[in-house]
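Dear colleague,

I am passing on the structure below, and would be grateful if you could look through it alongside the notes that follow.

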Amino acid sequence: MRLKKKTPSAPTPSAQLGRDQHGLLELTVEALGACATIYLHGAHVTSWKPSAAAPDVLWMSETTSFDGITPLRGGIPVCFPWFGTPSEDTFAPQHGFARQSAWDYLGSNLSSESVTAVFQLASRADDRSSHWPHSFTATYSVTVGRELQLSLKVTNTGLQAFSFEEMLHTYFAIRDLRAVSFHGLEGAPFISAAPADLRRSGPTIVGDEISRVYQGLTDPVTISDAGRNTRITSNGLSSVLWNPGARIAREFDDFQDDGWKKMVCFESGNIRESTQTLGPGASHVLNVTISVDR
Ligand SMILES: O=P(O)(O)OC[C@H]1O[C@H](O)[C@H](O)[C@@H](O)[C@@H]1O
């Protein structure tokens, strides 16, 4: 009698809330071989592997602080409701309060191909409101599968209009900084905060410190790194390309010395002239999708 060969079945999609070794709440998501970890502190995606055999697409610093207060270094910090430090409020935390807040986990939708986990941050009458006294909800949906789909919906739940900035500050893990090039940025104008960065044509190469803000990119951007292509699609109008380089990385407590060689940030959202304004009851949705070819 011939035995029928058993086809290995894909693990059932799951989303499990637990605590890491530091006591922080984290959601572990698995779907069709893909897996991700999302901390409730900052609704911070710290890991995403699109298949069981794939390396992590995201970089996390080995020296990040898991104290539940400090923003995590690496992964995907959610910068909201401002980016940088507002000039009129120098005590406001850099990149907004969202990345250092405890988000609520609203639950997950499980399908055969992906899992969507939903998190929410809402205005409260605490010190958060003293920097940004507006009534809002921010609902963040993270869909884990062969692609990583991120959707940040901001709703004005108050009676006055407000303006905000938002940025999904993704740290991509790379194999070899010298071999990395960006496609989709050729010829696009940018504002540079790194004084030596004057390259304006040809594929974008990151060799050391780089800090650029692009506005109005509409096509996907691809990071090519030693044969692997990572594609980023976003409906955001602003993009930031950032690597601290050797000198600035040394100034960060939570950056191991050679960490800057293993990551590059390509950030997607709406900042500066692309700041969003919402009237009472109105909502805005930022969508970002990340995929890799292998
Ligand atoms: O150190 P952080 O507050 O996380 O900010 C990290 C970096 O974020 C962005 O990319 C900014 O353009 C940089 O100027 C900043 O240094």
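Leaving aside its neighbours within four places in sequence, I38 is in contact with E26, L27, V29, A43, H44, V45, A117 and V142, where contact asks that two C-beta atoms, placed from the backbone, lie within 7 Å. Please keep in mind that this is a predicted model, in which local features need pLDDT of at least 70 and side-chain atom pairs count only at pLDDT 80 or more, while totals for chains, interfaces and linings use all residues. Residues are numbered from 1 along each chain as its sequence is written.

I38 is also among the residues with the most contacts inside the largest nonpolar core, together with V29, V144, F172 and V264, and that core has 67 residues. Such a core is a set of buried Ala, Val, Leu, Ile, Met, Phe, Trp, Tyr and Cys residues joined through C-beta atoms within 7 Å; a residue is buried if 20 or more other C-beta atoms, placed from the backbone, lie within 10 Å of its own, exposed if 12 or fewer, and partly exposed in between. Strand β3 (residues 34–39) gives the most to this core, with five residues, strands being DSSP runs of E of at least two residues, numbered from the N terminus.

Strands β1 (residues 14–19) and β2 (residues 25–31) run antiparallel and are joined by six bridges, where pairing requires that DSSP finds at least two bridges. S14 has E30 as its bridge partner in β2. The two strands form a hairpin with five residues between them, and G23 in the turn has a positive phi of about 90 degrees.

As for backbone geometry, most residues other than glycine have a negative phi, and most peptide bonds are trans. H95, however, has a positive phi near 65 degrees, and this residue lies in the loop between β5 and β6; H95 is buried, with 23 other C-beta atoms within 10 Å. A226, with a positive phi near 50 degrees, is found in the loop between β17 (221–225) and β18 (228–234), and is exposed, with 10 other C-beta atoms within 10 Å. The peptide bond from F80 to P81 is cis, with omega near 0 degrees, and P81 is placed in the loop between β5 (78–79) and β6 (104–110).

On confidence, the protein chain averages a pLDDT (the predictor's confidence in each residue, from 0 to 100) of 92, and 91% of the residues score at least 70. The model scores ipTM 0.98 and pTM 0.94.

With best regards

Technical notes: Helix = DSSP H or I, 4+ residues; strand = E, 2+ residues; numbered from the N terminus.
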